[in-house]
Amino acid sequence: MHAIIRQGNGEYYISAVFGYFRNITATEEYERYIQSIHSPYWIVWDKEKKSLIKWLTMEPNTKYIIPQILIVDSERENWNMDENGEGCINFLSRELLDSFLGEEHQPEEILEKCRAIDQDYVYEEIREIRNEKDIEDLNWASGGFHDAYIAREELQQDGTLYLRFDDVWGCEIEMWFWGDLEYDTSSRDPECFDSYWYGSTILQKDDFIYLIDEDGMTVDEINEHSCYFRARHVKYRIIPD
């Protein structure tokens, strides 16, 4: 697993991700809900990649929900996780991490194992969707396009459709669609309708990739009320805020 670690004001770095945990201790339902938003954290590198740190999922000390981490590679094959999705890579444990996180000197043998995982990873700033894993990674990074809207739509001279989504949580997203392109954005025309998305579906069928502005959609359910895009090729770029 790898992620964009947001520093704010468009500053960021790329880190491997080694664990995910929550601290939910409240008994009252609403307080548990608040903790479920603001207590989750990830185990990542610091900016210099010298030490492991806890990195809160959401920006602290604000009433707004602002992600501090954008997962760009969701692979967790070598993780041990519980039924809530909490856990870490298999040579670590929460107890082991708690024993040295925040310390100036961390176990070198642990850091070496973490470096070995990270050393061959190459972050692709622009990435083409080719398979289900690519779709899953875009869903992670985009948060399902919740609260997003199309800020720019341009059909380029070569027939490629360019889109720029704004108000995605923690980022903007550029996308390009080409190859037997078909699309309809009329249902999100801001002069007539609500332009904001509340979810999305990305899927592959018959050598086409579809992006639809509703959760849980199928190709057969696309209708005149759908904002959708279909093409043989799609690529995207995550632009951290």
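Analyst: We take the cysteines, then the nonpolar cores. This is a predicted model, where local features need pLDDT of at least 70, side-chain atom pairs count only at pLDDT 80 or more, and totals for chains, interfaces and linings use all residues. Residues are numbered from 1 along each chain as its sequence is written, and side-chain values use heavy atoms, leaving out hydrogens and water.

User: How many disulfides are there?

Analyst: A disulfide is a pair of cysteine sulfur atoms within 2.5 Å. Here the count is zero. For C171, the nearest cysteine sulfur belongs to C227, 18 Å away. For C227, the nearest is that of C192, at 13 Å.

User: Is C227 buried or exposed?

Analyst: Buried means under 20% relative accessible area, exposed over 50%, and partly exposed in between (1.4 Å probe, protein chains only). C227 has a relative accessible area of 0%, so C227 is buried. C171 also counts as buried, because its relative accessibility is 0%.

User: What is a nonpolar core?

Analyst: In soluble globular proteins, nonpolar side chains tend to be buried together. A core is a set of buried Ala, Val, Leu, Ile, Met, Phe, Trp, Tyr and Cys residues joined through side-chain atoms within 4.5 Å. The largest one here has 29 residues. V17, F18, L52 and I69 have the most contacts inside it.

User: Which residues does F18 touch?

Analyst: Contact means heavy atoms within 4.5 Å. Beyond neighbours within four places in sequence, the contacts of F18 include W45, L52, W79 and C114. A second, separate core holds 28 residues, among them I14, A141, A148 and F229.
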